[in-house]
Amino acid sequence: IEIIDNKTNPDTKLMQFYNGIREGKFETDEDAKNYLYPDASDSNAYYKLKHILRERLFNTLFFIDAKSSKHSDIHNAHLNIQKVTSLVQILLTKGLKQNAIYMAKKGLKIAEKYEFTEEQLILARLLRFHDATLSGQQKNFEQYDHMVNDLTELLRCEVKVEGLFFQILSLYVNNKSTKPFVYNKATEYLDVLEAYKPAKPSANWIYHYAMIHVAKFMSVNNYGEALAICDDALAKIQAFGFKHTKSIINMSSQAITCCIQLRLYEKGEKNIMLGLATIPPGMFNWFKYKELHVTLCFHTQRYAKAWDIFNETVSHKKFKQLPESIREVWKIYEAWLHFFREAGKIDVDEKEEVKRFRISRFANEVPIFFKDKRGLNVPILIAQIALLLQQKKYNVVIDRMEAIEKYKDRYLDKTHNFRSNVFIRMLLVIPKVDFRKKLVVEKTGEERLMLDEVSIDLANQSADIEILPYEDIWEVLLEQLD
């Protein structure tokens, strides 16, 4: 069996290719091809080698450590049950029924402990078949028959609730704008799910059902109700006899967002620390928790801490493997951190190499959210203006103001983006009074009071839009004016 292991000759092209990828030497096919076959006139040899490596890596997957200390118990248990289920089916294919039944009974105990519904159903069906056709043990057959019927119904309910949750989730991947219509959609889905409530809800069902509830209230910015649902669901999930890591991490992250909006910063910080202690660095959810941590630091004016988190995150070797929509959020964070660094709010070590930030390239580096006109394009646009004002590029600011005013009128209505609408109006005043600080303060006094009257926790807007409280941005911006 051809695999990749420590005994494979490291001098072969195959291992040079493997090690080059593993060590980050090759990031593209072109990099690898030029290194491995510098004199080749065509690419056939390289792509043949790539095919062989892929096949060997697939073979090697069957020998992964299912008891790694790097992962949670449920993660390792899921790897283990996948191996057991595959092994059982291979044994049956080879006609080794006695061994297959032995492994099926062993695997079923694991699947039951961690509520792996699909694997439970596969193994219970096999054991039911065995007792019905081979062993003739009627009592065992009836036990497994009852189990199969219950699991079939549970799986039906899990698949339904999961699918409806994914319907809602898909709306937010590349668009973070306020979506009040989700309230009605989620309400409709919850009504449908009345016919899909299992007699004994699993942790997986509770999680997806609660997430639809959370989406319902967060869509209309009712963070108090959403937080109460998060707390209730977490209590139910944590009462199970195992740690359902995915549910705990994702429900906690929603709770953190609610805490930020409700200004419950201490509770939010505790949830972040709990999540980061659960997730190994480099996992997808680790990056999401780091994202939430930066947002919390922005809202508590801990800009130096946000700077440290930013550098730790983007320098991680797996950062480049994240979806583009996730990396774009960090590009927006970088713009704001650059703004605060230049404003003297972040002390940078003289020995620390700071990457130059170019405003002119900023919009091109966030193509997905640049199109999200009612969502994350709002902080992108405000960051651009703030940076231009900071650098005293007043002519550029003046040239852009007409377009920004049209943008405000078209996309930032007072119902769903009130605070953003008010803040853009404040920015529009600055060039009208020739960038003079005293006049800016006088002419924006009414709008500044509006921000106090409709604070973040009361505003009817998406939690993703106001990455930084506008009140804090405004104070720093005023410091930049003469």
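Which residue forms a salt bridge with E27? Hi everyone, the partner is K320, with the closest N and O atoms 3.5 Å apart. By salt bridge I mean a side-chain nitrogen of Lys or Arg within 4 Å of a carboxyl oxygen of Asp or Glu.

A word on the source: this is a predicted model, where local features need pLDDT of at least 70 and side-chain atom pairs count only at pLDDT 80 or more, while totals for chains, interfaces and linings use all residues. Residues are numbered from 1 along each chain as its sequence is written, and side-chain values use heavy atoms, leaving out hydrogens and water.

Back to our pair. K320 sits in the loop between α14 (303-314) and α15 (324-342) and E27 in the loop between α1 and α2, so the bridge ties together parts 293 residues apart in sequence. Helices here are DSSP runs (H or I, at least four residues), numbered from the N terminus. Both K320 and E27 are exposed, that is, over 50% relative accessible area with a 1.4 Å probe, protein chains only; buried is under 20%, and partly exposed lies in between.

E291 is buried, at 10%, whereas K288 is partly exposed, at 23%.

Last, a helix pair. α18 (residues 377-390) and α20 (residues 418-432) pack at about 25 degrees, their axes 12 Å apart; axes are lines fitted to C-alpha atoms over the stretch in contact, and angles run from 0 to 180 degrees between N-to-C directions. The two are therefore roughly parallel, meaning an angle under 35 degrees. Thanks, everyone!

Key
Parallel < 35°, antiparallel > 145°, perpendicular 65-115°, else oblique.
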